[in-house]
Amino acid sequence: MREREVVVLGAGGHGKVVVETLAASGWRVVGITDADPRPRTVLGVPVLGDDGVLPALRREGLAHAFVAQGDNRLRTRLAALAEDLGFALPNAVSPAALVSPSARLGRGVAVLPGAVINAEAELGDFAIINTGAIVEHDCRVGAGAHIAPGAVLAGRVEVGPGALIGAGAAVRPEVRIGAGAVVGAGSAVVRDVPQDAVVAGVPARPLRPEERSPQ
Ligand code: JB2
């Protein structure tokens, strides 16, 4: 009876989108946890408290959790917490996304409305493919990475774990983006980006620390 029930971790902007995406794909979202535990509803779903309520939910037989945090590190950390508590982490795949039957998805992955995942692309655990993003054939998106709205990864691009590809950025075929790197919104990435680098612009170039906006 409870196999299509899920709790969502995060009542913010991403949480909202995830709640709708899960509901549209046949899940019943029974509640949300948030660092701000005040009772309220988000799109009609109750905020049950902070993550301290998760063990009780698990004991009551709830088996699934989805971590809806845009911050890559926090999302990955909370996913480990939820799994340690014994929750399974399903994917949230919008029925309005196009996912190739040959694409491979890990667990806890969000594929939001209008996203396209093409042939034999691989999406690592807890990745976000945000609204309208395109992940072309044979791309590999690492665990905990985020491809922001409208970003385009051309064929065979590799995005390392925890990297962020900003909204509307475009990445040329076969380019490799290192783990934890950040690509600014609207950038055109035409060469490899090292681990933890921050790049932006057309073509994308490294940003000095004082040029970076706070994340
Ligand atoms: O440890 C936590 C925790 N820390 C912060 N556990 C839980 N369960 N919740 C936590 N939060 C809560 O996450 C905050 O109290 C807040 O309600 C929520 C984060 O909301 P916010 O709207 O600031 O960010 P977001 O992660 O939902 O969305 C960001 O990333 C998305 C991908 C925004 O930048 C969005 O615009 C973006 N689309």
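**Close-up views of salt bridges and nonpolar cores**

**View 1. Arg107 is partly exposed.** The relative accessible area of Arg107 is 34% (buried means under 20%, exposed over 50% and partly exposed in between, with a 1.4 Å probe and protein chains only). The model is predicted, so local features need pLDDT of at least 70 and side-chain atom pairs count only at pLDDT 80 or more, while totals for chains, interfaces and linings use all residues. Residues are numbered from 1 along each chain as its sequence is written, and side-chain values use heavy atoms, with hydrogens and water left out.

**View 2. Arg107 and Glu83 form a salt bridge.** The N to O distance between the two side chains is 2.6 Å (a salt bridge is a side-chain nitrogen of Lys or Arg within 4 Å of a carboxyl oxygen of Asp or Glu). Because Arg107 sits in the loop between β8 (104–105) and β9 (110–111) and Glu83 in helix α3 (residues 72–84), the pair ties together parts that are 24 residues apart in sequence (helices, H or I, of at least four residues and strands, E, of at least two are DSSP runs numbered from the N terminus). Glu83 is partly exposed, at a relative accessible area of 27%.

**View 3. Asp125 also forms a salt bridge with Arg107.** Their closest N and O atoms are 2.4 Å apart. Asp125 belongs to the loop between β11 (122–123) and β12 (128–129) and Arg107 to the loop between β8 and β9, so this pair ties together parts that are 18 residues apart in sequence.

**View 4. Arg140 and Glu158 meet in a salt bridge.** The distance from N to O is 3.1 Å. Arg140 is in strand β14 (residues 140–141) and Glu158 in strand β17 (residues 158–159), and the pair links distant parts of the chain, 18 residues apart. Both residues are partly exposed: Arg140 has a relative accessible area of 42%, and Glu158 has 26%.

**View 5. Asp34, Asp36, Arg38 and Arg40 form one network.** Salt bridges that share partners join these residues. The model has 10 salt bridges by the rule used here.

**View 6. The largest nonpolar core has 33 residues.** Ile129, Leu153, Ile165 and Ile177 have the most contacts inside this core (a nonpolar core is a set of buried Ala, Val, Leu, Ile, Met, Phe, Trp, Tyr and Cys residues joined through side-chain atoms within 4.5 Å). Apart from it lies another core of 18 residues, including Leu22, Val29, Phe66 and Ala92.
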